[in-house]
Amino acid sequence: EEAILADDVQAAVEQFLAQHRHLFEGLTDGQLLDPAFDAERAEQRLEWHQAYQSYAALIEHRVISTCLAANPALSAEGVYEALSRVAEPPTSDLAAAERSSLRFLLNMLEYG
């Protein structure tokens, strides 16, 4: 969580969003806020998927780099292993909210 909230990561996200905002200008606030709007069934533009892949790569690079900078003994593989272990069904005292956050992070980094 700290890695995602790091100032440099947030600045990179803001810059990315500003650069790619134009791709989503056709979506209205009504569509985005309408619970009946099914984004999975709506026609997806190829550019949206490409933008998402670029975003996922940016986040993965920034978050993993932040984790590695904070603890040079880690490796990228080690971070993924730790996230995978923690995101598994509870076998410890880890709170459900913490597991949910870690599963979200792991899914965000592994989307392909």
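Predicted model: local features only at pLDDT ≥ 70, side-chain atom pairs only at ≥ 80, totals over all residues.
**Overall architecture**

The protein chain has 112 residues, of which 21% count as buried. Six helices and zero strands are found in the chain, and the pattern along the sequence reads α-α-α-α-α-α. Of the contacts between residues at least 6 apart in sequence, 59% join residues at least 24 apart.

**The pairing of α2 and α4**

Helix α2 covers residues 7-20 and helix α4 covers residues 46-70; the two pack at an angle of about 170°, and their axes lie 10 Å apart. Angles over 145 degrees count as roughly antiparallel, so α2 is roughly antiparallel to α4. On the side of α2, the residues in this contact are Asp-8, Val-9, Ala-12, Val-13, Phe-16 and His-20. They meet Ala-51, Ser-54, Tyr-55, Leu-58, Ile-59, Arg-62 and Thr-66 in α4.

**The salt bridge**

A search of the whole structure finds one salt bridge. The partners are Asp-8 and Arg-62, whose closest N and O atoms are 3.6 Å apart. This pair links distant parts of the chain, since Asp-8 belongs to helix α2 and Arg-62 to helix α4, 54 residues apart. Side chains of opposite charge can pair when their charged atoms come close. Asp-8 has a relative accessible area of 40% and is therefore partly exposed. Arg-62, with a relative accessible area of 28%, is likewise classed as partly exposed.

**The nonpolar core**

The largest nonpolar core consists of six residues: Ala-3, Ala-6, Val-9, Val-13, Ile-59 and Val-63. Helices α2 and α4 are the elements that give two or more residues to this core.

Leaving aside residues up to four places away in sequence, Ala-51 touches Phe-16, His-20, Leu-23 and Phe-24. The C-alpha atoms of Ala-51 and Leu-17 are separated by 9.6 Å, although the two residues are 34 residues apart along the chain.

Arg-103 is located in helix α6, which spans residues 96-110. With 34% relative accessibility, Arg-103 counts as partly exposed. Arg-103 and Ser-84 are 19 residues apart in sequence, and their C-alpha atoms are 7.7 Å apart in space.

**Accessibility of selected residues**

The table gathers the relative accessible areas of residues discussed above.

| Residue | Relative accessible area | Class |
|---|---|---|
| Asp-8 | 40% | partly exposed |
| Arg-62 | 28% | partly exposed |
| Arg-103 | 34% | partly exposed |

Methods
Residues numbered from 1 in each chain as written. Heavy atoms only, no water. Axes fitted to C-alpha atoms, helices over the stretch in contact; angles between N-to-C directions. Helix = DSSP H or I, 4+ residues; strand = E, 2+ residues; numbered from the N terminus. Parallel < 35°, antiparallel > 145°, perpendicular 65-115°, else oblique. Contact = heavy atoms within 4.5 Å. Salt bridge = Lys/Arg side-chain N within 4 Å of Asp/Glu carboxyl O. Buried < 20%, exposed > 50% of the residue type's maximum accessible area, 1.4 Å probe, protein only. Core = buried A, V, L, I, M, F, W, Y, C linked by side-chain atoms within 4.5 Å.
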